[in-house]
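Then we'll walk through a few of its details together.

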Amino acid sequence: MNDKKIRKLVLAALLAALVCVATMVVQIPSPMQGYVNLGDCFVLLAGFCLGPVYGGLAGGIGSALTDLLGGYFHYVPA
């Protein structure tokens, strides 16, 4: 692997972790039985910085980790 690809992979892992932490820490209840979170901003940031493939993977993995750790197991596959 070349240096550029490793850098992109590490940034994707970092953004996935940021999505997970930001979603778990900042949860504002919404009137529709859910919550609004800061992690969505990091999902968009990952898409802008890394492109559609790596950004989508970073956002998806970060969100799936949040659902897995938060007890919403049925949302992890989606």
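Which residues make up the largest nonpolar core? The largest nonpolar core holds 6 residues: Ala-12, Leu-15, Ala-16, Ala-46, Leu-50 and Ala-58. Helix H1 (3-25) and helix H2 (39-70) are the elements that give two or more residues to this core. A nonpolar core here is a set of buried Ala, Val, Leu, Ile, Met, Phe, Trp, Tyr and Cys residues joined through side-chain atoms within 4.5 Å. In soluble globular proteins, nonpolar side chains tend to be buried together.

A quick word on the ground rules. You're looking at a predicted model, where local features need pLDDT of at least 70 and side-chain atom pairs count only at pLDDT 80 or more, while totals for chains, interfaces and linings use all residues. Residues are numbered from 1 along each chain as its sequence is written, and side-chain values use heavy atoms, with hydrogens and water left out.

Now zoom in on one core member. Leaving aside residues up to four places away in sequence, Leu-15 touches Leu-45, Ala-46, Leu-50 and Ala-58 (contact means heavy atoms within 4.5 Å).

Zooming out, the protein chain has 2 helices and 2 strands, and from the N terminus on its elements run α-β-β-α. Helices (H or I, at least four residues) and strands (E, at least two) are DSSP runs, numbered from the N terminus. The C-alpha trace spans about 45 × 20 × 20 Å along its principal axes. Of the 78 residues in the chain, 23% are buried. Buried means under 20% relative accessible area, exposed means over 50%, and partly exposed is in between (1.4 Å probe, protein chains only).

Next stop: Asn-37, which lies in strand S2 (residues 35-37). Is Asn-37 buried or exposed? Asn-37 is buried, because its relative accessible area is 14%.

Not counting residues up to four places away in sequence, Asn-37 touches Thr-23 and Val-26.

Finally, the aromatic rings. Rings of Phe, Tyr and Trp (its six-membered ring) pair if their centres lie within 6.5 Å; planes under 30 degrees apart count as stacked, over 60 as edge-to-face and the rest as tilted. This rule gives 1 aromatic pair. The ring centres of Tyr-72 and Tyr-75 are 6.4 Å apart and the planes sit at 45°, so the pair is tilted. Tyr-72 counts as partly exposed because its relative accessibility is 39%, and Tyr-75 counts as partly exposed at 48%.
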